[in-house]
Amino acid sequence: MRIEAALALVAGAALLVRPSGSAAAGRWGADYFPNVALTTQDGKVVRFYDDLIKGKAVAVNLVYTRCTASCPLETAKLAQVQRLLGDRVGKDIFFYSISIDPEHDTPEVLKAYAEKFHAGPGWLFLTGNADDIKLVSRRLGLSSLTDFANRDGHQPSLMIGNEPSGEWMRNSAVDNPRFLAVTMSNFFGNRKSQGAPRSYANAPAMPDIGSGGYLFRSRCAACHTIGGGAAVGPDLAGVTSRRDRAWLLRYVAEPDRLLMEKDPLAVELFTKFRSVRMPNVQMSPEEIGAVLRYVEEQSPAVAPIRNAAMP
């Protein structure tokens, strides 16, 4: 589906659940959102409603720094969204990542975590009282009855909302960053700069990148490049010629287990890349094979140049 058509469907679905006018302000305002105290990664105490969402456009998700499943991927993708939105973040749109493990995730821990993913201004990482955080997540629609069955402790969801208008919409926090950035721009009213709608008939053909390319872009590109240098994780150019294939297959399939078993290479990578855990991206052996073939296909032109500097 073309991204324009997908966005139209998203916008249409959002409009179905939006209250309007004064009803919006009354339903989703101070009487609905808790004004509990939270603490930022810089140690500043803020009130959830008064300081974080009142009068603002926001994007909110749940994370915890010891996560071995989707949290690293969520954070890496949201960092890409922040770069795509540029200086709008912190001025027009505010990002909030709230820890569901406040006992461990002190402001100092959250600050280090934010720095690992190169979080910029306008993005706060928050901790606080466990019961207060549960209340906030329920009111935001970020917790559900299925959370207990999720190995990550929560669904990888991103709630975006405009508090003054009472408009809110839930998205996948691990969706394509460009899709999320365009969705936010449209949702928060950046349509004027886009001009007249383009004809669907004139949409350019989508590149044929195959299943491996699609999986790499959707599951891996938030943390890795192929020849573009190290990012959150290592540059993968030539990785299939440098690493044992059986080890690669297992590491992509269950990186958390290898780290727990203190596999020497898994520990080395964990240490080298600032203790960022490789997330388990839940790919089948066939999907992992497709990604590795894609990396092989994209590597020859850059691998001879960069291999010497790669781990």
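This text walks through a predicted model, from the whole chain to its sheet and then to a few single residues. Local features need pLDDT of at least 70, and side-chain atom pairs count only at pLDDT 80 or more, while totals for chains, interfaces and linings use all residues. Residues are numbered from 1 along each chain as its sequence is written, and side-chain values use heavy atoms, with hydrogens and water left out.

Start with the whole chain. The protein chain has 14 helices and seven strands. Both are DSSP runs, numbered from the N terminus: helices are H or I with at least four residues, strands are E with at least two. Of the 311 residues, 49% count as buried. Buried means under 20% relative accessible area, exposed means over 50%, and partly exposed lies in between, with a 1.4 Å probe and protein chains only.

Seven strands form an open sheet with mixed pairing, in the order β2-β1-β5-β4-β3-β6-β7. Its edge strands are β2 (45-47) and β7 (167-172), each pairing on one side only. From one strand to the next, the twist averages 30°. Two strands count as paired if DSSP finds at least two bridges between them. Strands of a sheet pair through backbone hydrogen bonds, either parallel or antiparallel.

Take β3, residues 57-63. Seven of its seven residues are buried. In a regular strand the side chains alternate between the two faces of the sheet. In β3, A57, A59, N61 and V63 point one way. V58, V60 and L62 point the other way, and all of these residues are buried.

β3 has β4 (residues 93-99) as a parallel partner, over seven bridges. Here V63 stands opposite S99. β3 also pairs with β6 (residues 157-162), this time antiparallel, through five bridges. In that pairing V60 has M159 as its bridge partner.

Right-handed means that, with the strands pointing away from the viewer, the path from the first strand over the helix to the second runs clockwise. β4, α5 and β5 make another right-handed β-α-β unit. There β4 and β5 pair in the parallel sense over four bridges. Y96 stands opposite L124, and F95 has W123 as its bridge partner.

Helix α5 (residues 107-116) lies across β1 (37-40), β4 and β5. It runs at about 155° to β5. Axes are lines fitted to C-alpha atoms, for helices over the stretch in contact, and angles run from 0 to 180 degrees between N-to-C directions. On the other pairing of β5, three bridges join it to β1, and the two run antiparallel. T39 has T127 as its bridge partner there.

T127 counts as buried because its relative accessibility is 6%. Leaving aside neighbours within four places in sequence, its contacts include L38, T39, P102, D105 and I133. A polar atom of its side chain lies 3.0 Å from the backbone oxygen of D105.

D105 also meets T65. That threonine is found in the loop between β3 and α4. T65 counts as buried because its relative accessibility is 16%. Its side chain makes a polar contact with the side chain of D105 at 2.4 Å. A polar contact is a pair of N or O atoms within 3.5 Å; within protein, one must be able to donate a hydrogen and the other to accept it, and residues adjacent in sequence count only if both atoms are side-chain atoms. Not counting residues up to four places away in sequence, T65 touches H104, D105, V109, L110 and Y113. T65 and H104 are 39 residues apart in sequence, yet 8.4 Å apart in space, C-alpha to C-alpha.

Last, the cysteines. How many disulfides does a search of the whole structure find? It finds zero. A disulfide is a pair of cysteine sulfur atoms within 2.5 Å. C71 counts as buried because its relative accessibility is 0%. C220, at 12%, counts as buried too.

Notes
Contact = heavy atoms within 4.5 Å.
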